[in-house]
Amino acid sequence: STVGWNIYNVLCDFSGGILSISQLFVDVSIDHSWKGVVGDPVKLALGLLSLFFDVIFMAQHYCLYNRQPESRKRSDAEDEDRVPLTQDLAEEA
């Protein structure tokens with residue numbers, strides 16, 4: 001279950017991994033040499049590892065456990081019992 005943690009942190013980490021790897025390949029295209037990627041394998045490996053785990057978390061959140069828990073669902077009877085605050089004030093006057 002993914003209840004209790006925020007997916008936005010994973011999405012920010014995923015975008016950071018994409019930008020980090022993109023920076024490596026922009027450097028390669030500017031220098032016309034693969035030294036940028038070969039010379040910094042830790043940055044490439046860290047970016048790819050981050051993307052790998054982020055994809056797992058996103059699949060878990062959006063595909064595997066996409067359902068709302070029963071405790072968070074409201075029934076129609078609960079909606080009927082709710083009265084707008086402004087209606088209560090109008091009835092008191």
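The 25 residues of helix 1, at 1.5 Å a residue, should span 36 Å, and the end C-alpha atoms are 37 Å apart, which agrees. The expected span is 1.5 Å times one less than the number of residues in the helix.

A word on the source. This is a predicted model, in which local features need pLDDT of at least 70 and side-chain atom pairs count only at pLDDT 80 or more, while totals for chains, interfaces and linings use all residues. Residues are numbered from 1 along each chain as its sequence is written, and side-chain values use heavy atoms, with hydrogens and water left out.

As for confidence, pLDDT is the predictor's own score for each residue, from 0 to 100. The chain has a mean pLDDT of 82, with 71% of its residues at 70 or more. Where pLDDT is low, the predicted coordinates should not be read in detail.

Now to the ends of helix 1. Just after the helix, His32 takes a positive phi of about 55°.

Which residues of helix 1 are buried? They are Ile7, Val10, Gly17, Ser20, Ile21, Leu24 and Val28, where buried means under 20% relative accessible area, exposed over 50%, and partly exposed in between, with a 1.4 Å probe and protein chains only. These buried residues pack against helix 2 (35–38) and helix 3. Asp27, also in helix 1, counts as partly exposed because its relative accessibility is 33%.

The largest nonpolar core consists of 6 residues: Ile21, Leu24, Val28, Val37, Leu44 and Leu51. Helix 1 and helix 3 (41–64) each give two or more residues to this core, and helix 1 gives the most, with 3. Such a core is a set of buried Ala, Val, Leu, Ile, Met, Phe, Trp, Tyr and Cys residues joined through side-chain atoms within 4.5 Å.

Finally, the cysteines. With a disulfide defined as a pair of cysteine sulfur atoms within 2.5 Å, the count is 0. Cys12 is exposed, at 55% relative accessible area, and Cys63 is exposed at 60%.

Key. Helix = DSSP H or I, 4+ residues; strand = E, 2+ residues; numbered from the N terminus. Contact = heavy atoms within 4.5 Å.
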